[in-house]
Amino acid sequence: MRNILIIILMLVLVNIECLAQDANLNSFQGVWTWVDNSEEFTIELRLGTFEIPAILGGGTKECLVGGYKYVKNGITVIDNTNEIQLTKRSIDYPIRVLWNLTFTVRDPELRNPKGEVKLLGGSSKIVPIDDSTTIKWIITDDEEHIYSSDDEVYPSGTSLPTNIILTKVE
């Protein structure tokens, strides 16, 4: 049942995304950072390839893949930026940004009872600000409805910054 719900959700999202205007992903490549008092959040994005499932017609489409580093009170909470150097499927990267600037991000601090890492996304979005050096990073926690049993449910929310402005540094 869970797999059917995931496939239906992917069908809806991909069909909606295919209708959306494609963003120029090249301008979002690079390193972006946000600093606020005792917190620092840095993302690194590069071009990748999104593999469209065969059930949706197959093929590939350009996307962004990346990793992030989150430091709180001088302590590194998570740093998975080294994963950006690996060659793997786009779904396996800590961050995946699609052509309409919606994204998914793994939150390794939040796990279900099976120990699986929570994936945030669906309507999470990167919003370009007027110039090309700042973006708004908006995380939404809207994928929990696809899980049905108690051992599949993740804690609500996220441990990552949810509504921040990042500045391009590289």
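Guide: A salt bridge is a side-chain nitrogen of Lys or Arg within 4 Å of a carboxyl oxygen of Asp or Glu. The model discussed here is predicted.

Visitor: How far apart are the closest N and O atoms of Arg106 and Glu83?

Guide: Arg106 supplies the nitrogen and Glu83 the oxygen, and a salt bridge needs the two within 4 Å. The pair forms a salt bridge, and it links distant parts of the chain, with Arg106 in strand E6 (residues 103-111) and Glu83 in the loop between strand E4 (75-79) and strand E5 (95-97). The closest N and O atoms are apart by 3.0 Å.

Visitor: Is Glu83 buried or exposed?

Guide: Buried means under 20% relative accessible area. Arg106 has 24% relative accessibility, so Arg106 counts as partly exposed. Glu83 has 19% relative accessibility, so Glu83 counts as buried.

Visitor: How many salt bridges does a search of the whole structure find?

Guide: Arg106 and Glu83 form a salt bridge. The side chains of Arg89 and Asp92 also meet in a salt bridge, at 3.0 Å from N to O. Arg89 is partly exposed at 49% relative accessibility, and Asp92 is partly exposed at 26%. For the whole structure, the number of salt bridges found is 2.

Visitor: How many bridges join strand E2 to strand E3?

Guide: Strand E2 covers residues 39-51 and strand E3 covers residues 60-72, and the two run antiparallel. Thr42 stands opposite Lys69 in E3. The number of bridges joining E2 to E3 is 13.

Visitor: Which residue in E4 is the bridge partner of Val71?

Guide: E3 and E4 pair in the antiparallel sense over 4 bridges. They form a hairpin with 2 residues between them, and Asn73 in the turn has a positive phi of about 55°. In E4, the bridge partner of Val71 is Thr76.

Visitor: Which residue in E5 does Val65 stand opposite?

Guide: E3 and E5 run antiparallel. They are joined by 3 bridges. Val65 stands opposite Arg96.

Visitor: Are the rings of Phe41 and Tyr70 stacked or edge-to-face?

Guide: A search of the whole structure finds 5 aromatic pairs. Ring planes over 60 degrees apart count as edge-to-face. Phe41 and Tyr70 have their ring centres 6.0 Å apart and their planes at 75°, so the pair is edge-to-face.

Visitor: How many residues apart in sequence are the parts that Phe41 and Tyr70 tie together?

Guide: Phe41 counts as buried at 0% relative accessibility. Tyr70 counts as buried at 3%. Phe41 lies in strand E2 and Tyr70 in strand E3, so the pair ties together parts whose separation in residues is 29.

Visitor: How far apart are the centres of the rings of Phe41 and Trp137?

Guide: The planes of the two rings, Phe41 and Trp137, stand at 55°, so the pair is tilted. This pair links distant parts of the chain, Phe41 in strand E2 and Trp137 in strand E9 (residues 134-138), 96 residues apart. Phe41 and Trp137 are both buried. Their ring centres are apart by 5.4 Å.

Visitor: What percentage of the 170 residues of the protein count as buried?

Guide: A residue counts as buried under 20% relative accessible area. Among the buried residues are Phe41 and Trp137. Of the 170 residues, the share that counts as buried is 39%.

Terms used: Residues numbered from 1 in each chain as written. Predicted model: local features only at pLDDT ≥ 70, side-chain atom pairs only at ≥ 80, totals over all residues. Heavy atoms only, no water. Buried < 20%, exposed > 50% of the residue type's maximum accessible area, 1.4 Å probe, protein only. Pairing = 2+ DSSP bridges. Phe/Tyr/Trp six-rings, centres within 6.5 Å; stacked < 30°, edge-to-face > 60°.
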